[in-house]
Amino acid sequence: GGTGIGKDLLELCGRAFLLAKEEIPDLRLMLVSGPRLDPNSIVAPEGVEVRGYVPDLYKHFAACDLAIVQGGGAVTLELTALRRPFLYFPLEGHCEQMNHVAERLSRHGAGIPQLFSRTTPETLARQITANVGREATWPVVAVDGAENSAEIICQFL
């Protein structure tokens, strides 16, 4: 989460973690509150790491077995390109996240959409245990756009 809107999702993840840990004893959880939400305001179970802003968060994404994120375009596309499994919670009623981002992810076949209003700690724990470590099945996303652009521009110089 990056804003106060994500606090409820972060705390839901903490509650689900306790249940999922019963099935996966060595499960670890890092909650990232981002730059605008005080990490000390997050109620989290003992053993859960809570951080504020994390530079180079994509490196953590690259190493994770499952990410649970809000449905923003940048984060979900990073996870898609990194080929990491993820659950995403678009802000309900938010046109971009509910429609445009979800449609893009659907085209890629990446991510599993969730609705916060319909998610309990029990249902989220089931999603965690079912998807942690799942292999990416979507096609590789090209990440050489800047190089391709430079080559095209150089043709005109």
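Predicted model: local features only at pLDDT ≥ 70, side-chain atom pairs only at ≥ 80, totals over all residues.
User: What makes T80 count as buried?

Analyst: The relative accessible area of T80 is 1%. Buried means under 20%, so T80 is called buried.

User: Where does T80 lie, and which residues is T80 in contact with, leaving aside neighbours within four places in sequence?

Analyst: T80 is part of helix α3, residues 73–82. Its contacts, with those neighbours left aside, are F86, L105, H108, A110, W138 and V141. Contact here requires heavy atoms within 4.5 Å.

User: Why is D56 called partly exposed?

Analyst: D56 has a relative accessibility of 41%. Buried is under 20% and exposed is over 50%; the value for D56 lies in between, and therefore D56 counts as partly exposed.

User: What is said about the phi of D56, and where does D56 lie?

Analyst: The phi of D56 is positive, about 55°, although D56 is not a glycine. Most residues other than glycine have a negative phi. D56 sits in the loop between β2 (49–51) and α2 (57–63).

User: How many residues line the largest pocket, and what is its volume?

Analyst: The largest pocket has a volume of about 1300 Å³ and is lined by 42 residues. M30, V32, F61, A67 and I68 are the lining residues nearest its centre. The elements giving two or more residues to this lining are α1 (7–23), β1 (30–32), α2, β3 (67–70) and α3.

User: How do the lining residues of the largest pocket divide by class?

Analyst: The lining has 26 nonpolar, 10 polar and six charged residues. Gly counts as polar in this scheme.

User: How many helices and strands are in the protein chain, and in what order do the elements run?

Analyst: The protein chain has six helices and five strands. From the N terminus the order is α-β-β-α-β-α-β-α-β-α-α.

User: What share of the protein chain is buried, and what share of the accessible surface belongs to carbon and sulfur atoms?

Analyst: Of the 157 residues in the protein chain, 36% are buried, that is, under 20% relative accessible area. The accessible surface is about 9300 Å², with 54% of it belonging to carbon and sulfur atoms.

Conventions:
Residues numbered from 1 in each chain as written. Heavy atoms only, no water. Buried < 20%, exposed > 50% of the residue type's maximum accessible area, 1.4 Å probe, protein only. 1 Å grid on protein atoms, 1.4 Å probe; cavity = no way out; pocket = protein on both sides within 12 Å on 5 of 7 lines; lining within 4 Å. Points joined across faces, edges and corners; volume = space filled by probe spheres on them. Areas by Shrake-Rupley, 256 points an atom, 1.4 Å probe, with all protein chains shown as cover.
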